[in-house]
Amino acid sequence: MNQFEEQAEIVRQEQLTPEIFRLTLKAPEIAGSARPGQFVMVRITTCYDPLLRRPLSIHQTIGNEQVQLLYKVVGKGTRLLAAMDPGRQLNLTGPLGRGFDFTDRPAICLVGGGMGIAPLYFLAREILRATKIPKCVVLLGGRTAAELGPLPRDFREIGATQTHIATDDGSLGHQGFVVELLQQHLDPGHPWTVCTCGPHPMMKGVVKECRDQGWECQVSLETMMACGISACLGCAVPRADLSGPYLHVCKDGPVFKAEEVAWL
Ligand SMILES: Cc1cc2nc3c(=O)[nH]c(=O)nc-3n(C[C@H](O)[C@H](O)[C@H](O)COP(=O)(O)OP(=O)(O)OC[C@H]3O[C@@H](n4cnc5c(N)ncnc54)[C@H](O)[C@@H]3O)c2cc1C
Ligand code: FES
C-alpha cells in the first residue's frame, strides 16, 4: 500500500457550522491512492507545539489532485487548523490504515454519528460510482440539525437519495438514536453490509443489531493516536476473544470487521 509524506497547500477552508470546518488541500500523491476509510496524519505547525500529528479521515478526494478533510474544533490542534488560510502549507502523511471493503455487496448501509460521518461521504461517493450500484441507504445521526449542517444535503446531492436523519432533539428527521433507523429502513430479508463510524456506544448498538439480524458489519474505530504508523503502540485495542497480541487501529484498522474486536 502506497504511503506518502506530502507538503500540501491549503486550497480552501470552509466553516460549515460554528464548530465544523471543511479543508481542501492540494495533495496529488495522497489523493491518487486514497481509499474510503483511510486517514491522514496532519502536522499542524512546523514548530514543536503541538508536537504530535493529528489523525483526520479523508472526507473525499477531488480529481486525483485534492484531499478534503472534515473536522470539528475540539482542542489546540484543530483550533490552530481552523485559523489557517488558503496558500498555507501543511505536512501530511497518508493515506494510512485499512479502509472499508465495499466491492460486490448487493446492499450497503452507511451509519454515521457526529464526526464519524466524515469518512462515510467518500465511501458513499465511491459506492455510487460503481458500474453496478448496490442498494444504498445512508443513516446519519447528530445532536441537532445545526450540528449536522449541510451534510445530509451533501449526501443527497451525490445521489444517496435514501439518506435518513436522526437527531437527539428531533430538530431534523427522527427524534432519537441513529441506530433506531436501522430497524425502520433496512429490510431484514436483505443481505446488508453495514459500514459504521461514530461514537463508541452508537457503533456498539449498530454491531448488536447487525449480529441479531445476521448482517455483515464493518466498523471504523477511533482511538488516541500519537504516530499513525504502528510505532508507538498507543492505539492498541483488544481482539474479540481477548487473546493474542492487541490490534493497532492505525495499521490493522481503522476499519475492522465488527467480529474482530472486543465490544467492552
Ligand atoms: C483514525 C482517526 C480518524 C479521525 N478522523 C476525524 C475526522 O475526520 N474529523 C474529526 O473532526 N476528527 C477526527 N478524528 C479525531 C481527531 O483526531 C481529534 O479530534 C483531534 O486529534 C483532536 O486534536 P486537538 O489538538 O484539537 O485536540 P486535543 O484534545 O488538544 O488533542 C490532544 C491530543 O489528543 C489526541 N486526540 C484528541 N482527541 C482525539 C480523538 N478523538 N481521536 C484521536 N486522537 C485524539 C490528539 O491527536 C492529540 O495528540 C479522528 C481520529 C482518528 C483516530
Ligand atoms: S498510533 Fe502509534 S502505533 Fe498506532
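Two residues are in contact when heavy atoms of theirs lie within 4.5 Å. This is a predicted model, where local features need pLDDT of at least 70, side-chain atom pairs count only at pLDDT 80 or more, and totals for chains, interfaces and linings use all residues. Residues are numbered from 1 along each chain as its sequence is written, chains are lettered from A and ligands numbered from 1 in the order in which they are written, and side-chain values use heavy atoms, with hydrogens and water left out.

**Exercise 1.** Find Ala-27 and work out which residues it touches, not counting those up to four places away in sequence.

*Solution.* 
- Step 1: Locate the residue. Ala-27 is in the loop between strand S2 (20-26) and helix H1 (28-33). Helices (H or I, at least four residues) and strands (E, at least two) are DSSP runs, numbered from the N terminus.
- Step 2: List the partners. They are Glu-6, Ala-8, Glu-65, Gln-66, Val-67 and Leu-92.
- Step 3: Check the burial. Ala-27 is buried because its relative accessibility is 0%. Buried means under 20% relative accessible area, exposed over 50%, and partly exposed in between (1.4 Å probe, protein chains only).
- Step 4: Ala-262 is 235 residues away from Ala-27 along the chain, and their C-alpha atoms are 35 Å apart.

**Exercise 2.** Describe where ligand 1 sits and which protein atoms meet it.

*Solution.* 
- Step 1: Find the site. Ligand 1 is in the largest pocket. On a 1 Å grid over the protein atoms alone, a pocket is an open set of points with protein on both sides within 12 Å along at least five of seven lines. A molecule sits in one if more than half of its atoms lie within 2 Å of its grid points.
- Step 2: Look at the shell. There are 20 residues around ligand 1, and Arg-54, Pro-55, Gly-77, Thr-78 and Glu-222 come nearest. A residue counts as near if one of its heavy atoms lies within 4 Å.
- Step 3: Sort the shell by element. Strand S4 (54-57), strand S6 (66-72) and helix H2 (76-82) each give at least two residues, and S4 has the largest share, with four.
- Step 4: Go through the polar contacts (pairs of N or O atoms within 3.5 Å; within protein, one must be able to donate a hydrogen and the other to accept it, and residues adjacent in sequence count only if both atoms are side-chain atoms). The side chain of Arg-54 has an N or O atom 2.7 Å from an oxygen atom of ligand 1. For Pro-55, a backbone N or O atom is 2.6 Å from a ligand 1 oxygen atom. The side chain of Glu-222 has an N or O atom 2.5 Å from a nitrogen atom of ligand 1.
- Step 5: Ask about cover. On its own, ligand 1 has 830 Å² of accessible area, and the protein covers 81% of that. Such areas come from the Shrake-Rupley method with a 1.4 Å probe; for residues, only the protein chains shown count as cover.

**Exercise 3.** Is helix H3 (residues 118-129) largely enclosed or largely open?

*Solution.* 
- Step 1: Count. Eleven of the twelve residues of H3 are buried, so the rest of the structure largely encloses this helix.
- Step 2: Name some of them. Among the buried residues are Ala-118, Leu-120, Tyr-121, Phe-122 and Ala-124.
- Step 3: Look for partners. His-59, in the loop between S4 and strand S5 (60-62), has contacts that include Ala-118, Tyr-121 and Phe-122. Phe-155, in helix H5 (residues 151-157), has contacts that include Leu-120, Tyr-121 and Ala-124.
- Step 4: Check those two partners. His-59 is buried because its relative accessible area is 0%. Phe-155 is buried too, because its relative accessibility is 0%.

Technical notes
1 Å grid on protein atoms, 1.4 Å probe; cavity = no way out; pocket = protein on both sides within 12 Å on 5 of 7 lines; lining within 4 Å.
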